[in-house]
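Biologist: Please take a close look at a single part of this model. Then tell me how the rest of the chain is laid out around it.

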Amino acid sequence: MHTPPFRSTTLLLSLALAAALPASAAVPSPFTPMLDATVEHHHLPGIAMAVVDNGQVVFTGTRGERRAGSGEPIDADTLFKIASNSKAMTAAVLARLVDRGLLAWDDPVTKYLPQFRMHDPWVTQHMQVRDLLIHNSGLGLGAGDLMLWPEPNAFTRTDIIAGLEHLKPVTSFRSGYAYDNLMYVVAGEVAAAAGGKPYDRLLREEVFIPLGMTRCQAGTWSVAKVGNVAQPHARRGSGNVVVNADTDIAPDLTSMAAGGIRCSLRDMTRWMQVLLDPTRAPGWLSEPQRRALWTAHMPMPLGERQRRWDNAHFSAYGYGWRLSDMDGQWKVAHTGTLSGMYSSLALLPDRKVGVVILINGEGEDARTVLMQAALKHYTAPTQRQTVAGYTEQLQAERTQRRTTTHALPDTTARKPAGVAATAQWQGLYRDPWLGQARLCPENNTLRFSVDKSPTLRGTVMQLDTRWLVQWDTLGADAEPWLQVEPGTPPTLRLSAIDPDIDFSYDYQDLHFTRIGDCP
């Protein structure tokens with residue numbers, strides 16, 4: 001793809017930002033034992049971490065391999081999926097367009113996307129660009145995410161926009177917060193329409209190039225040519241195995257604006273430095289738009305752990321950022337989660353401190369405890385705990401939750417559902433937004449599959465009088481109950497077995513209707 005030439009000021013800025021990350025200092029860094037303890041306790045395949053203090057890089061650390069067992073070490077230029085930390089970059093692209101007068105935050109979405117429809121026509125008419133970024137649509141938590149994940153699938157951004165009309169709200173518009181990925185996909189398409197070019201090109205021209213983030217990738221790109229790419233891993237027994245490995249060409253992900261960007265530790269460190277200190281990129285973003293990104297636009301619930309660990313008193317969402325306080329200091333942060341990849345970025349803007357963590361394995365707890373330990377070094381140095389101490393607290397929380405309201409049902413007595421006994425329910429089904437599914441016999445087993453999502457395929461199992469789907473490649477934590485409801489025609493519903501299931505498995509939003517016989 002052709003990229004416009006650098007202006008001289010942009011080139012100088014990029015060269016300045018491209019300075020090598022500092023070598024390890026002679027004095028041991030307090031972050032080294034934190035990083036090492038995290039790897040030890042959480043058995044990660046690989047991790048990269050950087051810390052900025054008063055705008056300067058004071059620590060970088062990498063551990064592990066890009067692909068477990070390969071011998072290929074992770075370094076500061078290794079690309080990771082940053083997942084939902086992509087949202088802040090999408091917001092920045094929109095802010096740049098606002099600065100240029102190409103759109104306004106309170107413009108209606110339909111000004112740029114006439115085909116945009118929500119379930120409620122009034123909401124369609126009144127949804128503004130700003131609403132796309134702050135999770136106030138009235139849709140349920142993660143509504144429609146099955147059009148994005150698990151990857152790969154065949155859903156397009158056109159499918160996403162068309163599917164929104166069929167997702168029923170659970171609250172009224174702008175009345176409360178519920179995390180939503182689809183609206184960021186729409187936001188990327190709004191940016192493309194206003195900017196007059198595809199979102200991935202806008203992202204390069206508005207963020208990557210002017211800030212010198214030379215390794216970041218979006219859209220279609222050559223994994224083989226770019227090289228040095230971390231692969232996602234899942235925990236299997238006592239080891240880590242690669243899952244959903246890249247092919248030679250990375251596709252143009254439908255989820256790009258919501259969570260489809262990849263960057264290196266070096267890139268993310270530059271990103272933090274510019275966010276913390278606007279003089280590092282003069283004129284890149286006006287002060288009003290910088291302020292808009294970090295304004296509390298939508299109140300968020302304040303969790304019990306956040307109160308206890310951070311001594312927090314408020315929580316809110318800005319444009320692509322979560323805002324809160326930590327031990328009396330302003331905190332701006334976000335996390336990113338994809339299958340086998342985790343990221344976390346947190347800033348303390350008033351003291352120009354930033355921490356970024358990139359992990360290529362099952363690292364939810366790892367990023368939580370490492371980020372907490374690193375930030376406490378600045379916000380409450382006399383009260384901080386070790387990584388091991390925070391890990392123990394998380395494990396205790398999980399045990400308590402499992403033994404009270406979130407107990408996981410025992411499904412070990414499952415057996416394959418009988419093909420002959422289920423003949424009256426077999427057939428082709430259709431959901432208004434997820435599309436066609438099949439409940440059909442295959443090799444003497446009853447199979448369930450979704451046409452546009454090849455990962456959502458599995459064997460129907462019976463447990464007493466209930467059915468469940470045992471996915472071919474997804475873990476047990478993603479399994480749903482399957483219920484066929486009699487009628488003319490019959491309908492089919494899915495519901496999560498695990499009460500702690502990732503919210504992106506929004507089975508509760510599906511309602512399949514039988515449309516024909518099995519082929």
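Modeller: Helix α13 is mostly covered, with 13 of its 16 residues buried. Buried means under 20% relative accessible area, exposed means over 50%, and partly exposed lies in between, with a 1.4 Å probe and protein chains only. The model is predicted, so local features need pLDDT of at least 70 and side-chain atom pairs count only at pLDDT 80 or more, while totals for chains, interfaces and linings use all residues. Residues are numbered from 1 along each chain as its sequence is written, and side-chain values use heavy atoms, with hydrogens and water left out.

Helix α13 covers residues 364-379 and reaches 22 Å from its first C-alpha to its last, close to the 22 Å expected at 1.5 Å a residue. The expected span is 1.5 Å times one less than the number of residues. Helices are DSSP runs of H or I with at least four residues, strands are runs of E with at least two, and both are numbered from the N terminus.

Helix α14, residues 387-402, also has 16 residues. Its span is 23 Å from first C-alpha to last, close to the expected 22 Å. The buried residues of α14 are V387, G389, Y390, T391, L394 and E397. These buried residues pack against α13, as well as α2 (31-42) and α12 (304-310); contact here means heavy atoms within 4.5 Å.

Elsewhere, H166 sits in the loop between α5 (157-163) and α6 (182-195). H166 counts as partly exposed because its relative accessibility is 38%. Leaving aside residues up to four places away in sequence, H166 touches P432 and W433. From H166 to P416 the separation is 250 residues in sequence and 33 Å in space, C-alpha to C-alpha.

As for the whole, the protein chain holds 14 helices and 23 strands. Of its 519 residues, 55% count as buried. Among contacts between residues at least 6 apart in sequence, 65% join residues at least 24 apart. The C-alpha atoms fill a box of roughly 70 × 50 × 45 Å along the principal axes. The radius of gyration is 23 Å, which agrees with a compact globule because 519 residues would give a value near 24 Å. That radius is taken over C-alpha atoms, and the globule rule is 2.2 Å times the number of residues to the power 0.38.
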